[in-house]
Structure formats: structure tokens, C-alpha cells
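Q: I have a structure open and I'd like to talk it through. Can we start with the overall layout and then look at a few residues?

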Amino acid sequence: MYVHLGGGVTVPSREVAAVFDLDNATTSIHTRRFLERAQEEGMLLPIGEDLPKSLVVCCPKGGWQRVYLSPMSPATLQGRLAGPGGARNGTTQFLR
């Protein structure tokens, strides 16, 4: 199944490795470094013009890691992934 991340962006739910609350995650120096590196390597993909609320890390099988800055709240994304047809393997991490 697929999950809508906002702004018309949809990804396979099995590719979502983690969802972070951007307000809390960016207080860590490690997260800021991760975001800087993702941007330098062209893996950081902002969605839309709205202020991002979530950091979504996707790891497609056989592809490059992608990091989305989503305008959707982590709680909304968690509900979408846990709902019917969502991430059933239990590997997605939600950090607030």
C-alpha cells in the first residue's frame, strides 16, 4: 500500500523507515548533521511550501535513501501507516 505524505507526494508504506517530529528532532546536533548531509547529497526533498512538521526517512529497496520534509503531523502519518493497508511489518519508527 501507499501513504500520502502531503503535497501530492505518495510513497510505498514499506519504504518508510522512520517518522520524526521536526520540532523535537531538530534540537539534536546529530539530526541537524544528518539533515545537512542529506541536503548535500541531494536526498532531502521538501514537500510543498508549508512549514514542515515531520521528517520522513524512506529506504527504497535497491534505491537511494530519501528524506522528506512533510507538512503533515507525525500523528497523522502514524495513523495513515497504521491504518488499513498501512505498514504491517511493524518496522516503522515514530519518534517524538
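What follows is a short chat about this protein.

Q: What kind of model is it, and how are residues numbered?
A: It is a predicted model, where local features need pLDDT of at least 70, side-chain atom pairs count only at pLDDT 80 or more, and totals for chains, interfaces and linings use all residues. Residues are numbered from 1 along each chain as its sequence is written, and side-chain values use heavy atoms, with hydrogens and water left out.

Q: How many helices and strands are there?
A: The protein has three helices and seven strands. These are DSSP runs numbered from the N terminus: helices are H or I with at least four residues, strands are E with at least two.

Q: In what order do they come?
A: Along the sequence the pattern is β-β-β-α-α-β-β-β-α-β.

Q: How much of the protein is buried?
A: Of the 96 residues, 39% are buried. Buried means under 20% relative accessible area, exposed means over 50%, and partly exposed is in between, with a 1.4 Å probe and protein chains only.

Q: Where is Thr-31, and is it buried or exposed?
A: Thr-31 sits in helix H2, residues 29-40. It counts as buried because its relative accessibility is 16%.

Q: What does Thr-31 touch?
A: Setting aside neighbours within four places in sequence, Thr-31 is in contact (heavy atoms within 4.5 Å) with Ala-25, Thr-26 and Leu-55. A polar atom of the Thr-31 side chain lies 3.0 Å from the backbone oxygen of Ala-25.

Q: New topic: where is Ser-54?
A: Ser-54 is in strand S5, residues 54-58. Ser-54 is buried, with a relative accessible area of 0%.

Q: Which backbone oxygen does the side chain of Ser-54 reach?
A: That of Met-72, at 2.6 Å. Not counting residues up to four places away in sequence, Ser-54 also touches others, including Val-19, Phe-20, Tyr-68 and Leu-77.

Q: How many disulfides are there?
A: A search of the whole structure finds zero disulfides, a disulfide being a pair of cysteine sulfur atoms within 2.5 Å. Cys-58 is in none, and the nearest cysteine sulfur, that of Cys-59, is 7.4 Å away.

Terms used. A polar contact is a pair of N or O atoms within 3.5 Å; within protein, one must be able to donate a hydrogen and the other to accept it, and residues adjacent in sequence count only if both atoms are side-chain atoms.
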